[in-house]
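Colleague: I am new to this structure. Could you show me how to read its features, one at a time?

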Amino acid sequence: MHVPVAIVGAGPSGSLLAWILRLRGIESIVLEARSREYVEQRIRAGVLEQGTVDMLIKAGIGDRLKKEHMYHRGVCIGYRNRHYMLDFEELIGRGVTVYGQQEITRDLLGALAKENHNVIYEAPVVAIEDIDSDRPAVRYEHNGRTHELTADIVAGCDGFHGASRKAMPADVLKAYETVYPFGWLGVLAEAPPSKEVALFSHHENGFALLSMRSPTISRLYLQCAPDEDLSEWSDGRIWDELETRLGAPGWTLERGPILQKEVTPLRSFFSEPMQHGRLFLAGDAAHVVPPTGAKGLNSAVADVSVLSAALIDHFTKGDEALLRRYSDIALERNWQVQRFSWSNTAMYHVYPDRSPFDARMHEAQLRYLIGDRSPQIVYAENHTGLPISHWPEI
Ligand code: RFL
Ligand code: PHB
């Protein structure tokens with residue numbers, strides 16, 4: 001079988017790319033390692049930049065998002081048990097949107113299924129070969145057999161642990177990484193959010209975050225050890241610790257049944273280039289940020305915006321100019337997103353291995369942010385999202 005575009009992975013980047021190309025009549029096949037149910041139920045991101053929302057609406061899959069989203073005009077910062085509101089709307093005229101990643105994936109995979117788009121689930125890609133030729137080959141397993149197809153273009157949208165990045169020649173790819181000495185213990189709770197916006201709190205016991213998914217569901221995180229033993233965290237202990245780290249006089253944390261809990265280690269990673277020959281990487285396949293900036297999903301959408309615009313030029317006009325520059329353009333934005341996520345992580349968390357001097361400097365950064373309008377504008381611009389440089393014509 002030969003297809004114009006083979007897309008590896010049906011997460012947000014792969015499914016959005018398939019959908020946008022489809023709108024312009026460019027045929028693709030999507031190969032996904034997991035089942036559709038598994039992909040749709042994976043709880044992850046929740047905070048969307050305006051550019052992400054605009055893209056989903058432009059692509060015609062924003063109807064449910066428009067109905068069910070929550071809009072936040074800013075964020076709250078907790079410091080020394082006081083809450084400080086940063087009103088992004090007032091500072092720069094835009095806020096952020098809360099709508100679960102699994103809802104976006106459901107909307108996209110549902111739309112693709114309705115059009116009978118060729119998405120093969122439970123089909124892990126095991127090799128991508130001949131990416132220097134004009135007919136790269138993709139090998140995948142399905143129903144106990146190994147299959148092979150060729151494509152004009154392979155889009156590696158298979159996340160951090162996928163096969164695509166590994167198919168890049170070792171002497172071409174440069175990787176940059178920091179693994180943090182902590183993780184996040186995340187819980188999903190049946191409790192009304194105790195704030196109108198997300199609360200990012202710096203505390204001597206460690207960072208804590210109060211976020212939400214709906215008027216009845218809260219999403220909360222505690223800084224923990226990267227290999228924290230969940231069995232030592234009863235629901236009561238989790239709520240007590242959240243209250244300690246997030247608390248402020250006169251404010252109460254609403255408690256409720258905990259529906260799900262997990263530990264995520266934190267890392268900053270990225271590799272360059274994001275393209276070689278006929279293979280193009282997008283989203284977590286090329287870069288991972290610590291979740292403190294809420295940027296992973298948004299960066300995946302920004303990559304797909306540029307890549308889909310470039311592929312539309314290539315397939316509909318025979319114009320390769322943008323496709324050749326894809327990596328440089330996508331990397332430029334991703335460097336800045338990495339910087340924001342990394343410096344935010346440093347500012348909010350307690351590092352077990354940091355010198356007292358460094359700890360004071362990061363605290364000084366937080367105090368500067370709380371106390372002065374100039375850094376608040378910079379923070380608001382980064383948190384609500386840097387501009388997306390290229391949009392697909394759809
Ligand atoms: P994904 O979502 O990992 O999807 C990759 C897909 O590829 C499949 N796959 C393969 N398929 C075929 N063959 C193979 N060999 C394959 N190997 C893997 C996988 O099964 C999967 O379906 O990558 P994508 O599409 O690039 O999307 C990236 C986002 O998922 C990620 O960046 C965000 O979830 C990060 N993130 C957040 N991002 C935000 O923008 N805002 C947030 O508020 C936010 N919060 C978060 C987060 C991530 C978190 N975790 C769990 C890492 C909060 C958390 C706790
Ligand atoms: C979330 O709602 O899951 C969330 C919010 C903000 C972050 C990370 C995750 O920075």
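Colleague: Which residues does Glu363 touch, not counting residues up to four places away in sequence?

Modeller: Contact means heavy atoms within 4.5 Å. With residues up to four places away in sequence left out, Glu363 touches Tyr79 and Arg80. Glu363 sits in helix H10, residues 356-371. Helices (H or I, at least four residues) and strands (E, at least two) are DSSP runs, numbered from the N terminus.

Colleague: What should I know about the model before we go on?

Modeller: This is a predicted model: local features need pLDDT of at least 70, side-chain atom pairs count only at pLDDT 80 or more, and totals for chains, interfaces and linings use all residues. Residues are numbered from 1 along each chain as its sequence is written, chains are lettered from A and ligands numbered from 1 in the order in which they are written, and side-chain values use heavy atoms, with hydrogens and water left out.

Colleague: Is Glu363 buried or exposed?

Modeller: Buried means under 20% relative accessible area, exposed over 50%, partly exposed in between (1.4 Å probe, protein chains only). Glu363 has 16% relative accessibility, so Glu363 counts as buried.

Colleague: And where does Ser305 lie?

Modeller: Ser305 is in helix H8. Its relative accessible area is 0%, so Ser305 is buried. Look at its contacts next. Beyond residues up to four places away in sequence, Ser305 touches Met55, Ile388, His390, Trp391 and Pro392. Ser305 and Ile388 are 83 residues apart along the chain, yet their C-alpha atoms are separated by 7.6 Å.

Colleague: How do I check the length of a helix?

Modeller: The expected span is 1.5 Å times one less than the number of residues. Take helix H1, residues 12-23. H1 has twelve residues and reaches 16 Å from its first C-alpha to its last, close to the 16 Å expected. Now take helix H11, residues 373-384. Its end C-alpha atoms are 16 Å apart, which agrees with the 16 Å that its twelve residues should span.

Colleague: How many residues of H1 are buried?

Modeller: Ten of the twelve, so H1 is mostly covered. Among them are Pro12, Leu16, Trp19 and Leu21. The cover includes strand E1 (2-8), strand E2 (28-31), helix H3 (50-58) and helix H8 (296-317).

Colleague: What about H11? Which of its residues are buried?

Modeller: They are Pro375, Gln376, Tyr379, Ala380, Asn382, His383 and Thr384. An α-helix has 3.6 residues a turn, so residues three or four places apart point the same way.

Colleague: What do I look for at helix ends?

Modeller: At the start of H11, a side-chain oxygen of Asp372 comes to within 2.9 Å of the backbone nitrogen of Ser374. After H11 comes Gly385, with a positive phi near 115°. H1 is followed by Gly25, whose phi is also positive, near 75°.

Colleague: How many residues surround ligand 1?

Modeller: A residue is near a molecule if one of its heavy atoms lies within 4 Å of it. For ligand 1 the number is 32, and the closest are Ser13, Glu32, Arg42, Gln101 and Asp284.

Colleague: Which residues make polar contacts with ligand 2?

Modeller: Ser211 is one of them, with a side-chain N or O atom 2.6 Å from an oxygen atom of ligand 2. A polar side-chain atom of Tyr221 also lies 2.6 Å from an oxygen atom of ligand 2. For Pro291, a polar backbone atom is 2.7 Å from a ligand 2 oxygen. Taken alone, ligand 2 exposes 280 Å², and the protein buries 96% of that. Strand E14 (208-214) and strand E15 (217-224) each give two or more residues to the shell.

Notes. A polar contact is a pair of N or O atoms within 3.5 Å; within protein, one must be able to donate a hydrogen and the other to accept it, and residues adjacent in sequence count only if both atoms are side-chain atoms. Accessible areas come from the Shrake-Rupley method with a 1.4 Å probe; for residues, only the protein chains shown count as cover.
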